[in-house]
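The paragraphs below lead through one structure, part by part.

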Amino acid sequence: MKKFRVRLIFLILCMFFNGSLSKLERLEHPVTKSDGSLNILVVGDWGRQGGFNQSLVAHQMGIVGKQLDIDFVISVGDNFYDDGLKGDTDPAFEASFSRIYTHPSLQKQWYSVLGNHDYRGNVSAQLSHALTQKDWRWFCRRSFVLCSGMVEFFFVDTNPFVDEYFTDPEDHTYDWSNVLPRDKYISSLLHDLDLEMKKSRATWKFVVGHHGIKTAGQHGVTQELVDQLLPILEENKVDLYINGHDHCLQHIGSDGEIQFLTSGGGSKAWRGVILPWDPKELKLYYDGQGFMSLHITHSQVKFIYYDISGNVLHQSTLPKKSKTFGSIKRLFI
Ligand SMILES: *[C@@H]1O[C@H](CO)[C@@H](O)[C@H](O)[C@H]1NC(C)=O
Ligand SMILES: *[C@@H]1O[C@H](CO)[C@@H](O)[C@H](O)[C@H]1NC(C)=O
């Protein structure tokens, strides 16, 4: 008995010391459709108390959300402009969220990450349980893993990666509490993500962050993410990277590679900026308002981009080249 206890303690210590434990919160969203499929809406860069057509985008999200019988909504950050929330009693929460996304079809869980504008306010307010008590749909964390049937979503806090916010903050103040020391925060986040992805047995691996990795939008490529995050996504054969930050709708991708989807058209858009990008990769660039939907099945994921009137701007299907599927098929032939 004593020997066993010593061995157990030794084992636990080993796990700590070789860092094989991840500190990322994991949660599960139950699958309700009998075929196991999932329908999701993605919106970003939205919280302007209804202004800049936020309300019109919300209205169309409601209509499309009903047609698709969505399971949940993903927000890719910049939830509250210009400077996040002041505290958990900030009326902007109701004015930009609860009283805007009122359509019955949008009364689903919202999973959110933080954008740079959110970091200009009080971050702990957006993460606080008090908001969830006001509106049960609200769920926001820095980084977390969401499992839903055949999909694992890796939500990543991309803000601390961006050098500019530390070296040249342009009169803005960022709430870096619980982030510093920065190097340690980033290395532990990357380590945990890699670990969770390696552990994952999900059919699909999607990554959600605020900043773009591949984008022809105004902000351009986030080089820090290309250098530090992208290699982990490639190594772990992630299917999609979804972001906001650029106020546009965009699809960049090549066959057999990670697809890069931007859904940052939740309110203020129309910036008239497009940076050069290989036209063979750039499948959609629309600098107006709108949002995106994802339809996920075992064999494919289909993504559709909608403008402010609900018109489909672009759609694309990514097939799953599954090894197990192939070998099962071979068994029967
Ligand atoms: C809002 O959308 C309409 C199209 O429905 C467009 O004409 C108008 O310019 C948009 N307003 C803003 C502030 O983007
Ligand atoms: C940030 O928000 C939390 C939760 O509302 C609050 O307890 C805290 O005092 C706020 N911090 C500042 C600096 O206002």
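**A walk through the model**

Lys 33 has a relative accessibility of 17%, so Lys 33 counts as buried. The model in which this value was computed is a predicted one. Lys 33 sits in the loop between β1 (25–28) and β2 (38–43). From there, its side chain reaches the backbone oxygen of Asp 69 at 2.7 Å.

Asn 243 belongs to strand β9 (residues 240–243). With 1% relative accessibility, Asn 243 counts as buried, because the cut-off for that word is under 20%. The side chain of Asn 243 is joined to the side chain of Thr 262 by a polar contact of 3.3 Å.

The aromatic residues come next. How many aromatic pairs does the structure hold? There are 31 aromatic pairs. One of them is formed by Phe 93 and Trp 138: the ring centres are 5.6 Å apart and the planes stand at 85 degrees, so the pair is edge-to-face, given that planes over 60 degrees apart count as such. Phe 93 lies in helix α3 (residues 92–98), whereas Trp 138 lies in strand β5 (residues 138–140), so this pair ties together parts that are 45 residues apart in sequence. Both Phe 93 and Trp 138 are buried.

Tyr 111 and Phe 144 also form an aromatic pair, with 6.4 Å from centre to centre and 40 degrees between the planes, and this pair is tilted. Since Tyr 111 is in strand β4 (residues 109–112) and Phe 144 in strand β6 (residues 144–148), the pair ties together parts that are 33 residues apart in sequence. Tyr 111 counts as buried at 3% relative accessibility, and Phe 144 counts as buried at 0%. Tyr 111 and Phe 144 also belong to a cluster linked by ring pairs, whose members are Phe 72, Tyr 111, Phe 139, Phe 144, Phe 153, Phe 155, Trp 204 and Phe 206.

Arg 48 lies over the face of Phe 52, at 5.4 Å from the ring centre. In the case of Phe 97, Arg 137 lies over the face, at 4.7 Å from the ring centre.

The model also contains ligands. Which residues are around ligand 1? They are Asn 53, Trp 270, Gln 289 and Ile 308. Divided by type, the shell around ligand 1 has two nonpolar residues, two polar ones and no charged ones. An N or O atom in the side chain of Asn 53 is 2.3 Å from an oxygen atom of ligand 1, and an N or O atom in the side chain of Gln 289 is 3.0 Å from an oxygen atom of that ligand. On its own, ligand 1 has 360 Å² of accessible area, of which the protein covers 44%.

Around ligand 2 are Lys 86, Gly 87, Asp 88, Asn 122, Ser 124 and Ala 125. This shell divides into one nonpolar, three polar and two charged residues. A polar backbone atom of Asp 88 is 2.8 Å from an oxygen atom of ligand 2. Asn 122 has a polar side-chain atom that lies 2.3 Å from an oxygen atom of ligand 2. Of the 360 Å² of accessible area that ligand 2 has on its own, the protein covers 38%.

The backbone is the last topic. Most peptide bonds are trans, and most residues other than glycine have a negative phi. Against that background, the peptide bond from Tyr 81 to Asp 82 is cis, with omega near -10 degrees. Asp 82 is placed in the loop between β3 (72–75) and α3. Leu 180 and Pro 181 are likewise joined by a cis peptide bond, with omega at about 0 degrees. Pro 181 is placed in the loop between α7 (164–167) and α8 (182–199).

Asp 78 is not a glycine, yet its phi is positive, at about 55 degrees. Asp 78 is in the loop between β3 and α3, and at 1% relative accessibility it counts as buried. His 245, also not a glycine, has a positive phi of about 75 degrees. The loop between β9 and β10 (249–252) holds His 245, which counts as buried at 7% relative accessibility.

Methods. Residues are numbered from 1 along each chain as its sequence is written. Chains are lettered from A and ligands numbered from 1 in the order in which they are written. This is a predicted model: local features need pLDDT of at least 70, side-chain atom pairs count only at pLDDT 80 or more; totals for chains, interfaces and linings use all residues. Side-chain values use heavy atoms; hydrogens and water are left out. A residue is near a molecule or strand if one of its heavy atoms lies within 4 Å of it. A polar contact is a pair of N or O atoms within 3.5 Å; within protein, one must be able to donate a hydrogen and the other to accept it, and residues adjacent in sequence count only if both atoms are side-chain atoms. Accessible areas come from the Shrake-Rupley method with a 1.4 Å probe; for residues, only the protein chains shown count as cover. Ala, Val, Leu, Ile, Met, Phe, Trp, Tyr, Cys and Pro count as nonpolar, Asp, Glu, Lys and Arg as charged, and the others, Gly among them, as polar. Rings of Phe, Tyr and Trp (its six-membered ring) pair if their centres lie within 6.5 Å; planes under 30 degrees apart count as stacked, over 60 as edge-to-face and the rest as tilted. Helices (H or I, at least four residues) and strands (E, at least two) are DSSP runs, numbered from the N terminus. Buried means under 20% relative accessible area, exposed over 50%, partly exposed in between (1.4 Å probe, protein chains only). A charge sits over a ring if NZ of Lys or CZ of Arg is within 6 Å of the ring centre and within 35 degrees of the ring normal.
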